[in-house]
Amino acid sequence: MPSKPSEDYQAHPVHLKHQDFTSFQELPDSFAWTQRSDDDSHYLSTGDSISESVPVIDLSDPNALPLIGHACKTWGVFQVTNHGVPSTLLDNMERITKTLFSLPVQQKLKASRSLESVSGYGVARISSFFPKQMWSEGFTIVGSPVEHFRKLWPEDYSRYCIVFTVYYVPYSSLMAGWEEILDGIKEYEEEMKRLAGRLMWLTLGSLGITKEDVKWAGLKGDFKEGSAAVQLNHYPACPDPDRAMGLAPHTDSTLLTILYQNNTSGLQVHKEGTGWVTVPPVPGGLVVNLGDLLHILSNGLYPSVLHRAKVNRSRQRLSVAYLFGPPSSVKISPLSKLVGPSQLPLYRPVTWNEYLGTKAKHFNKALSSFRLCTPL
Ligand SMILES: C=C1C[C@]23C[C@@]1(O)CC[C@H]2[C@@]12CCC[C@@](C)(C(=O)O1)[C@H]2[C@@H]3C(=O)O
Ligand SMILES: O=C(O)CCC(=O)C(=O)O
Ligand SMILES: [Fe+2]
């Protein structure tokens, strides 16, 4: 994917009103998504009393394919275990994320996402579509984050890190050096790309799609040319979590997103007819969300899932999203095997970059703006 945002992103700048979240004893009004009294507005409903739960699928189960198919059709999201990603790599990525967000605010702001770049530190891109601020901070990585890290940890990184760790967080939970952080991110990206390719075939396989049907998956069918972004999210502990919002409801623009969450829950998905359902962290598990481009590719058979992140009173929450999309030159359209005289193609072809531009401009109306005919 391109490292520069589309012109539409630049026309909708996200202002950096970044705060030091630790300085608030009470939730400021600009972060309050509901009034203290309106217990059940559409933003609030917690979904905690719901008995239905998002499927957890063991990838070593011989039945994984139909289970994934069912989860995609009914939920648009599932969790996977036995996925082959070493737990040491996930732990390391959590430490990297913790290290980065533990830096002082002024330091983090030096690596702010600029108007010319998709990458860097800042508030969620979708912030400009909501009247209230979100209780979170993020760091987006597309390509090498080295230039941003140079700003975060200037000159003698190692010395800075040690001085900083003495005052802020226990040394043992942080990283030793800059190179280790870059290597950790690279390794994470490689491992996630491998898993994304595998999940793509399990998902498409459950629709009867084979390697011959998706030429852009490459000669080996490993989606090696697929593009991706890594989004690190931090949701600090919040004095009034029921009235705050970590990340507002949205769908991802991706084919699929693989999400690692630390041991604090917060992710919720919206299920038609049920409402908001919490996706609890499963030890060693990873969440897989279907995005808008898979919705288009599957001709609406596998819908993208609306999701959001809530926050917690006493615990900070961290998540790492691997946002996986097609190679930048590829136009995504409903797979020919899924269309025919009785099932017309519902969406027109679109590249990921074109889609991201539309999302930046029209947010939750982006998907329907590519729709060719309205459903009966
Ligand atoms: C590749 C991308 C998808 C994303 C926009 C981005 O350019 C990089 C950040 C991604 C993210 C992560 C949080 C939710 C989201 C909607 C957002 O605002 O930024 C997604 C974007 C997306 O999927 O459209
Ligand atoms: O933190 C989470 O649980 C959700 C993150 C997310 O939706 C995203 O980064 O796109
Ligand atoms: Fe998301």
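These questions and answers look at a helix contact and a strand with its partners in a predicted model.

Residues are numbered from 1 along each chain as its sequence is written, and chains are lettered from A. In this predicted model local features need pLDDT of at least 70 and side-chain atom pairs count only at pLDDT 80 or more, while side-chain values use heavy atoms, with hydrogens and water left out.

Me: Why are helices H3 and H7 called oblique to each other?
Reply: The axes of H3 (residues 87-101) and H7 (residues 178-205) cross at roughly 130° and come within 10 Å. Angles under 35 degrees count as roughly parallel, over 145 as roughly antiparallel, 65 to 115 as roughly perpendicular and the rest as oblique, and H3 and H7 are therefore oblique.

Me: Which residues make the contact of H3 with H7?
Reply: With contact meaning heavy atoms within 4.5 Å, the residues include Leu89, Met93 and Ile96 of H3 and Ile181, Ile185 and Tyr188 of H7. The residues of this contact divide into 8 nonpolar, 3 polar and 4 charged.

Me: What makes strand S5 mostly covered?
Reply: Buried means under 20% relative accessible area, with a 1.4 Å probe and protein chains only, and in S5 (residues 227-235) 8 of its 9 residues are buried.

Me: How do you know that S5 pairs with S12?
Reply: Two strands pair if DSSP finds at least two bridges between them, and S5 and S12 (residues 317-325) have 9 bridges in the antiparallel sense, with asparagine 233 opposite serine 319. S4 (residues 137-141) is also antiparallel to S5, joined by 5 bridges, and glutamate 137 stands opposite histidine 234.

Technical notes:
Axes fitted to C-alpha atoms, helices over the stretch in contact; angles between N-to-C directions. Helix = DSSP H or I, 4+ residues; strand = E, 2+ residues; numbered from the N terminus. Nonpolar A, V, L, I, M, F, W, Y, C, P; charged D, E, K, R; others polar. Buried < 20%, exposed > 50% of the residue type's maximum accessible area, 1.4 Å probe, protein only.
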